[in-house]
Amino acid sequence: MTTAWFDEQSRMSPEELQTVTFPLSRLGRRGYDEDAVRDFLRDVHANFVRLVNERTSLWQEVQRLRRRIIAGKANGDANGALAGEADGHVHAVRVLSAAQVTADRYVADAQAYSSRLTEEARLRRDEIMQEAQRYSDMIMEEAHAKAREAAVTALNAGPSPQTYQEQQAAHAELAYLRTYSDVYRAHLRAYTEGILRGIEEWERKDATSIDDGPRGAHIAALPTADRNGNTYFE
Amino acid sequence: MDVARLRKNFAQVAEHGDEVPLFFYSDLFLKHPEVRDMFPISMEAQRGHLVDALVKIVANVDSAADLTVFLQGLGRDHRKFGAVAEHYEAVGASLLATLEYFSGPDWTADLRSDWAAAYDVIGAVMRAAAQEDEALRPAWWRGTVVSHERRSFDVSVLHVQPEPQLDYLAGQSVAIESPSRPRLWRYYSMANAPRPDSPLEFHIRLIDGGAVSMALTSSTAAGTELRLGPPVGVLTLGQPVPERDILLVAGSTGLAPLKAITDQLTALPQPPKVHLFFGARKADGLYDLDSLEKLAAEHSWLTVVPTVSSDPRFSGETGSLPDVVARHGDWSGHEAYLAGPTQMVQDTADRLVAAGVATDQIHIEDFGWSEP
């Protein structure tokens, strides 16, 4: 072979491959079939061209990415290239930011849920209180009416053997009303405490910290506290 | 330092909105993962705080005196979060990285050195104030809950023993962190005057969706260890105690600072006459009336007027707190202290001014950074 295939200094081109010639073997000695060699060379040439093209386009791609990195660095392009140490960091920042935003959303959801739950409990409690008030009014009115009736009866009838029995009956009625009131109050208390226990249990299960939301102009790069205590709420 | 250039650059960066603080904190946490633990899980409010602080700093960067007071407060305040000198460097580096990233091709070496110089000053003022403060008091106090009393559906009264002793002025507040809500601090006023070896009283109102108030009202039993920040606030009697008669107007748990002021007055040999209006929506919202009426029975100079706004069955004063106060006489010769829901405080202040009370005689909590 006359061409230095392995010479790194003068790397072979496809064109050189096309011009390469082989000396003919002397008559009477065994040699390759000339046509077969030419066919083979044609195949090698085609492959060679393909490889060179691939190499060029890869090189261009490398150059293009390199330019994008430099451009991305220069103008802070949020869609800059994802290569190089600096870009790796920016990529990581973006991933962490996305995770943080997701976490914020979870916490906000939990906070909204907690808010709704407390609001509902508050409403329910108001309803129960009103209902209790109505019952209490009714019981009081009934008791007053009974007392009036008893008084009128007592006045009209004067002392009679029935009076004592009626008094006893009134006492019994009063005792009943008292008992009823106590029972109702106990039920009411049990119900309210049940609600509070429910909230506490939910509270315990939900160990994540929930923010009260921004309130007031209180501030900082490092963590801060909001003001929502005694002088700052509603 | 070119202030105009700095402001222009900041305005340009700020156009990127929430992306800016988001980038800042992610950059900080990636470079210094150990710092992440100093912040709550949700960073939403925190990002708002950062931007607010930066806006305030950039707006006041050429009025050193105002800015210094703000930064000193900020520096002292950050002690309870565990901020130390190294954190300031880390924050500075991430701040520069963030500004550079969002400035794009407009980022120059001059801008970089301007920002670096500005941050050096900011950090130095904050650190110096923190260091000075370190010599005076701890970063935070351990507060052991002595008792927890649920007074109504949504108000609890807590007694908390601080360790070491916590000196404050009646009417001031401290930030409280509950162990079940780490890294979330909320301000609450002490409801009693300072006395050595005596627990602090707090009135906690459950706020719908409020993480800390929820934790404090429902899952804080005796023995719970809270963290308390340093006392802050200007809703105090001042020195010397004013000689004028005093009007106290408290809406709901706004009672706490005003009860502390009343408590402080009980120690005076000759206290001024005090009218304390205590208002709530419903009668059961007057969660501390028993204790106030006991005080009034013991001290002839104290008059307590319970007021309910939407409960016609209530036997005492009914109507909105500002109305009730206004129809109760001439307050022009009084020093007025107001605390409670923002709207109620504002309305009461307006009514008092309209009725001839001088504005410098009306005291409300200032949520800025001035400390007495």
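# Notebook: helices and sheets of chain B, with a look at chain A

**Entry 1: two helices crossing.** I began with a pair of helices, α1(B) and α6(B), which pack at an angle of about 95° with their axes 10 Å apart. Angles of 65 to 115 degrees count as roughly perpendicular, so α1(B) and α6(B) are roughly perpendicular to each other. Next I looked up who makes the contact. From α1(B) come Arg5(B), Leu6(B) and Asn9(B). From α6(B) come Leu111(B), Asp114(B), Trp115(B) and Ala118(B). I note here that the model is a predicted one.

**Entry 2: the length of α1(B).** At 1.5 Å a residue, its 12 residues should span 16 Å. The end C-alpha atoms are 16 Å apart, so the two agree.

Entry 3: Which residues of α1(B) are buried? I found Asn9(B), Phe10(B) and Val13(B). They cover an arc of only 100° around the axis, which means they sit on the same side of α1(B). On the other side, Ala4(B) and Ala11(B) are exposed. I then asked what covers the buried residues. The cover includes α2 (19–31), α3 (44–59), α5 (85–103) and α6 (109–136) of chain B.

**Entry 4: Met126(B).** I stayed with helix α6 of chain B, where Met126(B) has its place. Is Met126(B) buried or exposed? It is buried, because 25 other C-beta atoms lie within 10 Å. Leaving out residues up to four places away in sequence, Met126(B) touches Leu71(B), Leu74(B), Gly75(B), His78(B) and Tyr88(B). I also looked up Thr68(B). Met126(B) and Thr68(B) are 58 residues apart in sequence, and their C-alpha atoms are 8.5 Å apart in space.

**Entry 5: the antiparallel sheet.** I moved on to strands. Six of them form an open sheet in chain B, in the order β4-β3-β6-β1-β2-β5, and the pairing is antiparallel. Which strands are at the edges? They are β4 (185–189) and β5 (200–205) of chain B, each pairing on one side only. Neighbouring strands of this sheet are turned by 40° against each other on average, direction ignored. A helix packs on the sheet as well: α7 of chain B, residues 211–218, touches β2, β4 and β5 of chain B. The direction of α7(B) makes about 120° with that of β5(B).

Entry 6: I went through the strand pairs.

- Eight bridges join β1(B) to β2(B), residues 155–163, and the two run antiparallel. Arg142(B) has Glu163(B) as its bridge partner in β2(B).
- Four bridges join β1(B), residues 141–150, to β6(B), again antiparallel. Thr144(B) has Glu225(B) as its bridge partner in β6(B).
- Two bridges join β3(B), residues 173–177, to β6(B), also antiparallel. Ile176(B) has Leu228(B) as its bridge partner in β6(B).

**Entry 7: the faces of β6(B).** In a regular strand the side chains alternate between the two faces of the sheet. I looked for this in strand β6 of chain B, residues 225–228. Leu226(B) and Leu228(B) form its covered face. Glu225(B) and Arg227(B) form the uncovered one.

**Entry 8: the parallel sheet.** Chain B has another open sheet of six strands, in the order β10-β9-β8-β7-β11-β12, with parallel pairing. β10 (317–318) and β12 (362–363) of chain B stand at the edges. Each has a single partner strand, so one side of each is left without a neighbour in the sheet. How many bridges join β7(B) to β11(B)? I found six between β7(B), residues 245–251, and β11(B), residues 334–339, which run parallel. Ala250(B) has Ala339(B) as its bridge partner in β11(B).

**Entry 9: helices lying across it.** I looked up two helices here. Helix α9 of chain B, residues 289–298, lies across β8 (274–280) and β9 (302–308) of chain B. It runs at about 155° to β9(B). Helix α11 of chain B, residues 342–354, lies across β7, β11 and β12 of chain B. It runs at about 160° to β11(B).

**Entry 10: chain A.** Last, I turned to chain A. How many helices and strands does it have? There are four helices and zero strands, in the pattern α-α-α-α along the sequence. Of the 234 residues in chain A, 13% are buried. Among the contacts in chain A with a separation of 6 or more, 43% are between residues 24 or more positions apart.

Technical notes. Residues are numbered from 1 along each chain as its sequence is written. Chains are lettered from A and ligands numbered from 1 in the order in which they are written. This is a predicted model: local features need pLDDT of at least 70, side-chain atom pairs count only at pLDDT 80 or more; totals for chains, interfaces and linings use all residues. The expected span of a helix is 1.5 Å times one less than its number of residues. A residue is buried if 20 or more other C-beta atoms lie within 10 Å of its own, exposed if 12 or fewer, and partly exposed in between; C-beta atoms are placed from the backbone. The arc is that of the directions from the helix axis to the C-beta atoms. Two residues are in contact if their C-beta atoms, placed from the backbone, lie within 7 Å. Two strands pair if DSSP finds at least two bridges between them. Axes are lines fitted to C-alpha atoms, for helices over the stretch in contact, and angles run from 0 to 180 degrees between N-to-C directions. Angles under 35 degrees count as roughly parallel, over 145 as roughly antiparallel, 65 to 115 as roughly perpendicular and the rest as oblique.
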